[in-house]
Amino acid sequence: MIADKRGVEIRRHLTASPDRVFAAFADARLVERWLRPSPDIPLSVRQLDFREGGAYRLAYHVPDGTTVIVGGIYRTIEAPRRIVFSWVIEPPDIHAGIQSDVTVTLTPSSGGTDLVIRHDWQGRTDAEARHADGWRGALDQLITELEKA
Amino acid sequence: MIHALAGGKARTAGALGRQFRSAQPTISRHLKVLEHAGLVERRIEGRTHWFRLRQQPLTEAAGWIARHHAFWTGAVDQLDRLLSDKAERDRR
């Protein structure tokens, strides 16, 4: 488990073969059953065009009644080893419009799969549009975070 | 260095050097590291380089990272469970 300034990396060994893990990313019916932070947040796959250049769109139904929509494009698909796709949350959301890329790597290992998910933050294309009010609060938070590090 | 820039105003490397009583190359090196880490932004006016903290983008990234770290950790748990359960059922 790594969280550095630019992204997140998750590594896990799964007992399933790379082909089966890969299929879990490629099939909308399977994606719905796991690509969510918890079983308490149901996922509806609105679109999943699993090919290079194809688009996907996921709708997360948060218990408080809101729906979070995430979408992107598949940039690279190399079955059954590697998948790269963009990931952007749609408004309204505090992180709406932040560009990012997910890289999934599947490596055969001991009959199962070493899975690596790298999710890289790229920031906003409209960074200058963010209003500065409240930055003092953010600054205090920053100082605290840095002092903890 | 972070605290010196925490006032919110842009400062030059020279002014920071005087405050820290450090040699210019040392200050420049520190500022470059902070800039590379996304903590500090540089504005060039003629021959003067102004440095300022980038607070908002960093804390927003930190929030985004925490959220997505929790997301993927939870998702991979469920992926593991889904594939294990399926394999179990397929074996019966």
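The largest cavity has a volume of about 80 Å³. A cavity here is a set of points on a 1 Å grid over the protein atoms alone where a 1.4 Å probe fits but cannot get out, and lining residues have an atom within 4 Å of a point. Grid points are joined across faces, edges and corners, and the volume is the space filled by probe spheres set on the points. The whole structure holds two cavities of 30 Å³ or more.

This is a predicted model, in which local features need pLDDT of at least 70 and side-chain atom pairs count only at pLDDT 80 or more, while totals for chains, interfaces and linings use all residues; side-chain values use heavy atoms, with hydrogens and water left out. Residues are numbered from 1 along each chain as its sequence is written, and chains are lettered from A and ligands numbered from 1 in the order in which they are written.

Among the residues lining the largest cavity are Phe25(A), Trp34(A), Leu35(A), Tyr74(A) and Phe85(A). Strand 4 (55-61) and strand 6 (82-86) of chain A each give two or more residues to this lining. Strands (E, at least two residues) and helices (H or I, at least four) are DSSP runs, numbered from the N terminus.

Chain B has four helices and three strands, in the pattern α-β-α-α-β-β-α along the sequence. In helix 3 (residues 24-36) of chain B sits His30(B), which is partly exposed at a relative accessible area of 40%.

The three strands form an open antiparallel sheet in the order 1-3-2 (chain B), where pairing requires at least two DSSP bridges between two strands. Strand 1 (11-12) and strand 2 (40-45) of chain B are at the edges with a single partner strand each, so one side of each has no neighbour in the sheet. Strand 2 of chain B pairs with strand 3 (residues 48-53) of chain B over six bridges.

How values were computed: Buried means under 20% relative accessible area, exposed over 50%, partly exposed in between (1.4 Å probe, protein chains only). On a 1 Å grid over the protein atoms alone, a cavity is a set of points where a 1.4 Å probe fits but cannot get out, and a pocket is an open set with protein on both sides within 12 Å along at least five of seven lines; lining residues have an atom within 4 Å of a point.
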